[in-house]
Every structure is written in C-alpha cells, then in structure tokens.
Amino acid sequence: MSKCVSSRQLDDFITEDLSVVVAKIEHLASDLELIFNACFKQAYNTVLIGGASEPLYQPQNNEHKTHCIFYSHDYFASALHEVAHWCIAGEQRRLLEDYGYWYTEDGRNANQQAEFERVEVKPQAIEWAFSKACHKPFRVSIDNLTAGEIDDTPFKNAVAQQLAEYEESGFPPRAAAFLLALRQFYQVNNCASIRANATRAKDESINE
C-alpha cells in the first residue's frame with residue numbers, strides 16, 4: 001500500500017519573491033490537463049477535461065472509454081478543485097458518477113450547509129495546496145451565494161487546519177504526486193519549455 005508523502009519530502013518552492021513569480025506565470029487550465037493526464041491517465045485510466053457547463057466526474061461507460069473529470073469551462077480553479085476531489089475519492093467511489101455524492105444547489109439550509117462544509121474541508125485543503133504549488137491565489141468557497149449572510153470563518157479555519165495537518169503528516173498519495181508535478185512545472189523557467197516540449201511531442205505523434 002502506498003504511504004502518504006510528507007510535503008517536506010517534496011521539492012522546495014523556487015526562492016524568488018512570490019509577487020515576481022506570479023507575474024511571470026501564465027495560468028492555463030490546459031496545462032493542468034497536460035500535467036494530470038501525464039501523471040494519471042495510464043495508471044488510472046482517468047483524464048481531466050475542460051469546457052463543461054458544470055463540473056462532473058463521469059466513470060468509464062459506453063460513451064467514454066476512460067474515467068473523465070470534467071471541470072467548468074476553462075477555469076483554472078475549477079480544474080484544481082475537481083482534481084482535489086478525485087485525489088481523495090476511494091476506488092469504489094471512483095466507479096460512481098460524481099463519486100456517489102449528493103449536491104444541493106445555492107440556497108441550502110443550515111443543516112445542508114453544515115454537511116456541505118463537512119465534506120468540503122479535505123478537498124479544499126488539497127486545492128489550497130495545489131494553488132500554492134502553482135503560485136495562484138486561493139479562496140475557500142462556501143458555494144452558497146443566495147443563502148444570505150453566512151459566517152464562513154469557521155469553515156476557513158477548518159480548511160486551514162486541515163492543510164496544516166496535511167503539510168505536517170503527509171498528503172494522500174495521488175495528491176502528493178500531483179503536487180510534485182505541479183511544483184516541477186510551475187518553476188517559472190520550466191513552464192515554457194515543458195509546454196513547448198509537450199506540444200512538439202503531440203505534433204510528432206500526429207505526424208507519425
């Protein structure tokens with residue numbers, strides 16, 4: 001069985017000032033597809049796909065020969081969030097559409113909101129780690145815009161606490177692998193060359 005990998009064992013962030021780093025990086029959701037598919041397509045028969053009107057996890061079926069993680073439009077944050085959910089979904093849940101979870105849209109009552117936040121703590125903590133690896137700002141989301149004023153401080157604190165625990169004790173194996181790949185890609189000087197090499201390889205395969 002794979003063991004969790006401590007963030008202390010992962011490559012260090014580059015040492016440039018973060019404001020300078022962010023200014024240099026072009027955050028493209030298509031790059032996340034490239035990184036994810038390179039990490040997991042072969043081993044897990046799973047791909048990351050953008051352009052959906054709503055995010056959805058679709059297990060393999062007659063239409064799709066691979067398991068598909070659909071994220072919204074070309075939204076970078078949506079892609080990271082959906083990958084985070086996949087990284088903590090167990091083997092049996094990955095055989096179910098949207099991992100077998102319910103989803104209640106905006107306007108949830110207090111009990112529904114509490115349950116939503118309970119199941120969102122871990123994926124949002126992992127998404128936060130992914131965002132840090134990409135040098136991308138992150139905000140927790142209570143995803144309940146029409147419910148009026150909601151104090152999201154307890155939820156923010158819970159997500160921050162979970163992130164601290166992951167950073168201290170280790171991330172789930174697939175999350176750790178994706179983090180490592182993100183950190184390698186988002187070293188500023190590597191982004192353009194990795195993207196160019198991937199495009200070149202794709203072109204060469206088409207021309208074979």
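Visitor: Why is Ile 126 called buried?
Guide: Buried means under 20% relative accessible area. Ile 126 has 0% relative accessibility, so it counts as buried. This is a predicted model.

Visitor: Where does Ile 126 lie, and what is it in contact with?
Guide: Ile 126 lies in helix 4. Neighbours within four places in sequence aside, Ile 126 is in contact with Ala 84, Ile 88, Tyr 166, Phe 171, Pro 172 and Ala 175. Ile 126 and Cys 87 are 39 residues apart in sequence, and their C-alpha atoms are 8.6 Å apart in space.

Visitor: Glu 120 carries a charged side chain by the classes used here. Is Glu 120 buried or exposed, and how do you know?
Guide: The cut-off for buried is under 20%. Glu 120 has a relative accessible area of 6%, so Glu 120 is buried. Glu 120 lies in helix 4, residues 110-133.

Visitor: What makes the pair Glu 120 and His 85 a polar contact?
Guide: A polar contact needs N or O atoms within 3.5 Å. The side chains of Glu 120 and His 85 are joined at 2.9 Å. Beyond four places in sequence, Glu 120 is in contact with His 81, His 85 and Phe 155.

Visitor: Why is the pair Lys 132 and Glu 167 called a salt bridge?
Guide: The limit is 4 Å between a side-chain nitrogen of Lys or Arg and a carboxyl oxygen of Asp or Glu. The side chains of Lys 132 and Glu 167 meet at 2.7 Å, N to O. Lys 132 lies in helix 4 and Glu 167 in helix 5 (residues 153-169), so the pair ties together parts that are 35 residues apart in sequence. The structure holds 1 salt bridge.

Visitor: Which residues make the contact of helix 3 with helix 6?
Guide: The axes of helix 3 (residues 76-88) and helix 6 (residues 173-185) come within 8 Å and cross at roughly 145°. Helix 3 supplies Leu 80, Val 83, Trp 86 and Cys 87. Helix 6 supplies Arg 174, Ala 175, Phe 178 and Leu 182. These residues divide into 7 nonpolar, no polar and 1 charged. Arg counts as charged, so Arg 174 is the charged residue here.

Visitor: What is the phi of Asn 45, and where is Asn 45 found?
Guide: Asn 45 has a positive phi of about 50° although it is not a glycine. Asn 45 is found in the loop between helix 2 (29-44) and strand 1 (46-52). At 26% relative accessibility, Asn 45 falls between the 20% and 50% cut-offs, so Asn 45 counts as partly exposed.

Visitor: Where is Asp 98, and why is Asp 98 called partly exposed?
Guide: Asp 98 is in the loop between helix 3 and helix 4. Its phi is near 50°, a positive value in a residue other than glycine. The relative accessible area of Asp 98 is 29%, so Asp 98 is partly exposed.

Visitor: How many helices and strands does the protein have?
Guide: The secondary structure comes to 7 helices and 3 strands. Along the sequence the pattern is α-α-β-β-β-α-α-α-α-α. Of the 208 residues, 39% count as buried.

Conventions:
Residues are numbered from 1 along each chain as its sequence is written. This is a predicted model: local features need pLDDT of at least 70, side-chain atom pairs count only at pLDDT 80 or more; totals for chains, interfaces and linings use all residues. Side-chain values use heavy atoms; hydrogens and water are left out. Helices (H or I, at least four residues) and strands (E, at least two) are DSSP runs, numbered from the N terminus. Buried means under 20% relative accessible area, exposed over 50%, partly exposed in between (1.4 Å probe, protein chains only). A polar contact is a pair of N or O atoms within 3.5 Å; within protein, one must be able to donate a hydrogen and the other to accept it, and residues adjacent in sequence count only if both atoms are side-chain atoms. Contact means heavy atoms within 4.5 Å. Axes are lines fitted to C-alpha atoms, for helices over the stretch in contact, and angles run from 0 to 180 degrees between N-to-C directions.
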